[in-house]
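Subject: Structure handover

Hello,

Here is the structure I promised to pass on to you. Please open it alongside this note, and I will walk you through what turned up.

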Amino acid sequence: MSAIHIVRDYPHPPGKVWRAVTDPELIPRWTATGAGARPEGFATVPGTRFRFVARPKPGWSGVVVCEVLEVREPSLLRYSWQDEGGGEVTEVVYRLEPHAGGTRFTYDHTGFTGAGGFLMAKVLGSVRGKMLSKGLPAVLDQLD
């Protein structure tokens, strides 16, 4: 099984990072360095079904369907992730913890299987790394 695991430290308090990664108005700003996903129907309430809508690419509609599975504000968000065309259901987890005067943000996306899953994890991992290294810090720096 393949997975994406990214850890980043930000010089901002957990509440601010939580806001940036869960506010539907802010999410498209930091995901713009990837496919520019915007959430439709997202709320930090377990059981909420929502969609991420991004720019389509050849072979992909740009839409992912999700369900919020667990929330512990401001430290944990866990949701399912599935291409709207079907396929395996994977899981995304955001963990935030105070660290060195700021926040340690851990991003995990698990559940990729087989050769296709390995390739998907590699592609998504590269995109997510860019969003968390460039997109999210820029949004955090503007939030004051």
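H109 is found in strand β7; strands here are DSSP runs of E with at least two residues, helices are runs of H or I with at least four, and both are numbered from the N terminus. Before going further, please note that this is a predicted model, in which local features need pLDDT of at least 70, side-chain atom pairs count only at pLDDT 80 or more, and totals for chains, interfaces and linings use all residues. Residues are numbered from 1 along each chain as its sequence is written, and side-chain values use heavy atoms, with hydrogens and water left out.

With a relative accessible area of 0%, H109 is buried (buried means under 20%, exposed over 50%, partly exposed in between, with a 1.4 Å probe and protein chains only). Not counting residues up to four places away in sequence, H109 touches A3, I4, W81, T90, E91, V92 and L124, where contact means heavy atoms within 4.5 Å.

**Aromatic rings**

Nine aromatic pairs turn up in a search of the whole structure. Rings of Phe, Tyr and Trp (its six-membered ring) pair if their centres lie within 6.5 Å; planes under 30 degrees apart are stacked, over 60 edge-to-face, and the rest tilted. Y10 and F105 make a tilted pair, because their ring centres are 6.4 Å apart and their planes stand at 50°. Y10 belongs to strand β1 and F105 to strand β7, so this pair ties together parts 95 residues apart in sequence. Y10 is buried at 5% relative accessible area, and F105 is buried at 0%. F105 also forms a tilted pair with Y94, at 5.3 Å centre to centre and 55° between the planes. Ring pairs link Y10, F42, F50, F52, Y79, W81, Y94, F105 and Y107 into a cluster.

**Helix α3**

L124, one of the residues that H109 touches, is among the buried residues of α3. What covers the buried residues of this helix includes β1 (2-10), α1 (14-22), α2 (27-31), β5 (76-83) and β7 (102-112).

**Two spots in loops**

The peptide bond from E73 to P74 is cis, with omega near 0°, and P74 lies in the loop between β4 (63-72) and β5. A100 has a positive phi of about 50° although it is not a glycine. A100 sits in the loop between β6 (90-99) and β7, and counts as exposed at 78% relative accessibility.

Enjoy exploring!
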